[in-house]
Amino acid sequence: MPKMITGKKTQRYSVEFKGPIATRVARALYLWFELFDRILGARVRLQGDESGLSVSLERPANRIGSVDERIAKLDTAREHLADALLAIDGLKHSAEDSKVELAELQKRFAVLDEQKVSAETKLAGIQEVTHTDIEAFRTLAGIPNVRRERLIGFVSGLAASLIATALIFLVKYGWSHIFGGGA
């Protein structure tokens, strides 16, 4: 329900809307009016009464300027627009060059990837042949298997360690009990 607000020189109606949609509509209207104010230098004025709503643009006298000032502003805007277009063209050419360079690098990468796969296949074949040759040479020369020899060495070292520990224990604690009759 509209409220009537009476001021010194004016009477106006105020309608209050609440909620998220009303907030968004009010924000959009505010931005729209700010656009008019900044670009055109005009204020948007809404007036309404029981008969309807009127919208008007008010332009302050100090913002109008002369024809020469407006032409100078248009020339300045044209220069800035031309500079912006040159910058855009430069960026476009740079992007096209980068795109061509990227395509070339992707082709080179694909070739190198194929070469890598080929080299890995050759390497695997060479390693297999080398391993087979080494095993055949060991068999013919009578060289024992290195892993088997290492395992035998480890187990014999462990057994020798246990035997030495048992002997030390017997010498230290058992000698007197065995030959001396107890402590």
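Q: Where is leucine 151 found?
A: Leucine 151 sits in helix 4. Keep in mind that this is a predicted model.

Q: Is leucine 151 buried or exposed?
A: Leucine 151 counts as exposed, because its relative accessibility is 55% and the cut-off for exposed is over 50%.

Q: Which residues form the nonpolar patch on the surface?
A: The patch is made of Leu151, Phe154, Val155, Leu158 and Leu162. Together they have about 540 Å² of accessible area.

Q: New topic, aromatics. How many aromatic pairs does the structure hold?
A: There is one aromatic pair. The ring centres of phenylalanine 169 and tyrosine 173 are 5.2 Å apart and the planes are at 50 degrees, so the pair is tilted.

Q: Where do phenylalanine 169 and tyrosine 173 lie?
A: Both are in helix 4, which covers residues 146-179. They are four residues apart, about one turn of the helix.

Q: And how exposed are they?
A: Phenylalanine 169 has 52% relative accessibility and therefore counts as exposed. Tyrosine 173, at 46%, counts as partly exposed.

Q: Confidence next. What is the mean pLDDT of the chain?
A: The mean is 77, with 63% of the residues at 70 or more.

Q: Where is confidence lowest, and where is it highest?
A: Strand 2 (residues 11-14) is lowest, with a mean of 46, and helix 3 (residues 67-141) is highest, at 89.

Technical notes:
Residues numbered from 1 in each chain as written. Predicted model: local features only at pLDDT ≥ 70, side-chain atom pairs only at ≥ 80, totals over all residues. Heavy atoms only, no water. Phe/Tyr/Trp six-rings, centres within 6.5 Å; stacked < 30°, edge-to-face > 60°. Helix = DSSP H or I, 4+ residues; strand = E, 2+ residues; numbered from the N terminus. Buried < 20%, exposed > 50% of the residue type's maximum accessible area, 1.4 Å probe, protein only. Patch = residues over 30% accessible without salt bridge, like charges linked within 9 Å, V, L, I, M, F, W, Y side chains within 5 Å. Areas by Shrake-Rupley, 256 points an atom, 1.4 Å probe, with all protein chains shown as cover. Salt bridge = Lys/Arg side-chain N within 4 Å of Asp/Glu carboxyl O. pLDDT = per-residue confidence, 0-100.
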